[in-house]
Amino acid sequence: TELLEGMTKDQAGGLAAAQVAISYVVAGHIEDANAFLRKAAAKNPQAGSEDVRRLLSMMVAASKGVYPPPQEFFAFSIDAVRLQAYMELAIFYDRIGQSDYSRRMAADMARFAEKRSFRDDSGSSNTVFGKLLIETF
């Protein structure tokens, strides 16, 4: 409940809720992740957004050893969320011992960020890449 109170009512708050839900998925508590997101969405509609649901779905599939096809990432509404999804999946694959998938996801993330059409400020991109390096290497 305290976590929910501290979440802002914007896109960042929705991603914060996704981070907590991902922690549940990593621990194997998928139903708890869904329950948390339902409660979070009541406080912050962004927590129930299609982007958050898509990211959680990709994480659940990853927990079953499925590598997402590139076109799944194009369904995210903004580049910042897409970059976050790449990072979360790369870290997750590393944590479950799928280092090949983790490196592949990190490479896909780098290729995505190099595209001319990529739109995000460099500060948040640096944060995402920095977190990936800290968490996986």
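1. Residues 24 or more positions apart account for 60% of the contacts in the protein with a separation of 6 or more, where contact means heavy atoms within 4.5 Å. The model is a predicted one, in which local features need pLDDT of at least 70 and side-chain atom pairs count only at pLDDT 80 or more, whereas totals for chains, interfaces and linings use all residues. Residues are numbered from 1 along each chain as its sequence is written, and side-chain values use heavy atoms, with hydrogens and water left out.

2. The protein contains seven helices and zero strands, which gives the pattern α-α-α-α-α-α-α when read along the sequence. Helices (H or I, at least four residues) and strands (E, at least two) are taken as DSSP runs and numbered from the N terminus.

3. As to burial, 41% of the 137 residues of the protein count as buried; buried means under 20% relative accessible area, exposed means over 50%, and partly exposed lies in between (1.4 Å probe, protein chains only). The protein exposes about 7500 Å², of which carbon and sulfur atoms supply 53%, the areas coming from the Shrake-Rupley method with a 1.4 Å probe.

4. The largest nonpolar core has 35 residues, of which Leu55, Met59, Phe73, Phe76, Leu89 and Met105 touch the most other members. Two or more residues of this core are given by each of α2 (11-26), α3 (30-43), α4 (50-63), α5 (79-95) and α6 (99-114), and the largest share, ten residues, comes from α5. A nonpolar core is here a set of buried Ala, Val, Leu, Ile, Met, Phe, Trp, Tyr and Cys residues joined through side-chain atoms within 4.5 Å. In soluble globular proteins, nonpolar side chains tend to be buried together.

5. Two of these core residues deserve a separate look. Phe76, which lies in the loop between α4 and α5, is buried with a relative accessible area of 3%. Leaving aside neighbours within four places in sequence, Phe76 is in contact with Asp51, Arg54, Leu55, Met58, Val81, Arg82 and Ala85; the C-alpha atoms of Phe76 and Leu55 are 8.6 Å apart in space, although the two are 21 residues apart in sequence. Phe73, again not counting residues up to four places away in sequence, touches Met58, Pro68, Arg82, Ala85, Tyr86, Leu89 and Met105.

6. The pairing of α4 with α5 has an angle of about 20°, with the axes 10 Å apart, and the two helices are therefore roughly parallel to each other. Axes are lines fitted to C-alpha atoms, for helices over the stretch in contact, and angles run from 0 to 180 degrees between N-to-C directions; those under 35 degrees count as roughly parallel, over 145 as roughly antiparallel, 65 to 115 as roughly perpendicular and the rest as oblique. The crossing of α4 and α5 is right-handed, and their contact is made by Asp51, Leu55, Met58, Met59, Ala62 and Ser63 of α4 with Val81, Ala85, Glu88, Leu89, Phe92 and Tyr93 of α5. A crossing is right-handed if the near helix is turned clockwise from the far one by less than a right angle, and left-handed if anticlockwise.

7. Against α6, α5 packs at an angle of about 160°, with the axes 7 Å apart, which makes α5 roughly antiparallel to α6. Here α5 passes α6 in a left-handed crossing, and the residues making the contact include Arg82, Tyr86, Leu89 and Tyr93 of α5 and Tyr101, Met105, Met109 and Phe112 of α6.

8. Tyr101, in helix α6, is partly exposed, with a relative accessible area of 23%. Apart from neighbours within four places in sequence, Tyr101 is in contact with Gly65, Tyr67 and Tyr93. Tyr101 and Val66 are 35 residues apart in sequence and 9.5 Å apart in space, C-alpha to C-alpha.

9. The packing of α3 with α4 is at an angle of about 175°, with the axes 12 Å apart, and these helices are therefore roughly antiparallel to each other. Their contact is made by Ile30, Ala33, Asn34 and Leu37 of α3 and Val52, Leu56 and Val60 of α4. Ile30, which lies in helix α3, counts as partly exposed at 28% relative accessibility; not counting residues up to four places away in sequence, Ile30 touches Tyr24 and Val60. Between Ile30 and Val60 the C-alpha to C-alpha distance is 7.4 Å, with the two 30 residues apart in sequence.
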